[in-house]
Amino acid sequence: MEQNQENEVISMPRIGDAAPKFKAVTTQGDINFPADYEGSWVILFSHPADFTPVCTSEFMTFASMEEKFAEANCKLVGLSIDGLYSHIAWLRTIKEKIEYKGMKNIEVNFPLIEDITMEVAKKYGMIQPNEDTTKAVRAVFFIDPKGMIRTIIYYPLSLGRNFDELYRVIIALQAADEFDVATPADWRPGDDVIVGPAGSCGTAKDRMEDGDIDCKDWFFCTKKLDKDTVLDRVLRKK
Ligand code: BEZ
């Protein structure tokens, strides 16, 4: 919990916390979060406002990648502090009128939460008052199939998200779980992965001598993890 300048308590969920629960009205009907998403990864993201250009570019990109995320067992849920009819009108406009970077006739089929009361945005720390008091920042919560928050990324109002990175995160989180490894800087499927830290002097010594493990030093060891093996395991789970 933090306090803003007016001493209002702001809740900020953290990595490792259970995703805060809420019920909401969306463009795809009512949802009960995260219960309705048990068994799937979810990207819950906020955007500042409907009918704004950066948000429009982001929604078109999210919608055009929805199937790709679905193949990685990941569902998308958006939110802004706008009403349902504004959401519907904006999504209709995107489909009917907006052409951007080769994307056109884009239909947003994932739910967009109406949050005029800011109830959900406040629960998730999406309102950052020194950035804006009535618009959500561009928050991205990666929530696992058990409803636990696994990664959080925040961007300010002016900065559109990097969707290659959002997809990389969803694959890397699942690869780390599936193969009990960590992923180094800029990791992508096919790159070497990090073997967990040696917990004893014996393990450290064994590591250094294991031909399948490449140790730069006893604390920094990598091993090969084939791209197809990663993608087969992550993408087959949908
Ligand atoms: C936009 O999405 O274009 C935007 C929204 C709020 C502030 C600045 C830009």
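This talk walks through a predicted model, from its active-site annotation to its cores and strands.

Ground rules, quickly. Residues are numbered from 1 along each chain as its sequence is written, and side-chain values use heavy atoms, with hydrogens and water left out. Because the model is predicted, local features need pLDDT of at least 70, side-chain atom pairs count only at pLDDT 80 or more, and totals for chains, interfaces and linings use all residues.

The unreviewed UniProt entry annotates Cys-55 as "active site". Such annotations may be inferred rather than shown by experiment; feature names are shortened, and positions are in the numbering used here. Cys-55 sits in helix α1, residues 53-64. Helices here are DSSP runs of H or I, at least four residues; strands are runs of E, at least two; both are numbered from the N terminus.

Is Cys-55 buried or exposed? Its relative accessibility is 0%, so Cys-55 counts as buried. Buried means under 20% relative accessible area, exposed over 50%, partly exposed in between, with a 1.4 Å probe and protein chains only. Leaving out residues up to four places away in sequence, Cys-55 touches His-47, Pro-48, Ala-49, Trp-90 and Arg-138. Contact means heavy atoms within 4.5 Å.

Now the cores. A nonpolar core is a set of buried Ala, Val, Leu, Ile, Met, Phe, Trp, Tyr and Cys residues joined through side-chain atoms within 4.5 Å. The largest one has 41 residues, and Phe-62 and Leu-166 are among those with the most contacts inside it. Elements giving two or more residues to this core include α1, β5 (41-46) and α5 (163-179). Helix α5 gives the most, 10 residues. Apart from this core lies another, of 23 residues, among them Ala-24, Ile-31, Val-120 and Tyr-124.

Ala-24 takes us to the strands. Ala-24 belongs to the covered face of β3 (residues 22-26), with Phe-22 and Thr-26. Lys-23 and Val-25 make up the uncovered face. In a regular strand the side chains alternate between the two faces of the sheet. Five bridges join β3 to antiparallel β4, residues 29-33. Two strands pair if DSSP finds at least two bridges between them. Ile-31 in β4 is the bridge partner of Ala-24.

Last, an open sheet. Its 3 strands run in the order β10-β12-β11, paired antiparallel. Strands β10 (193-194) and β11 (213-217) each have a single partner, so one side of each lacks a neighbour in the sheet. Strand β10 joins β12 (residues 220-223) through 2 bridges. There, Val-193 stands opposite Lys-223.
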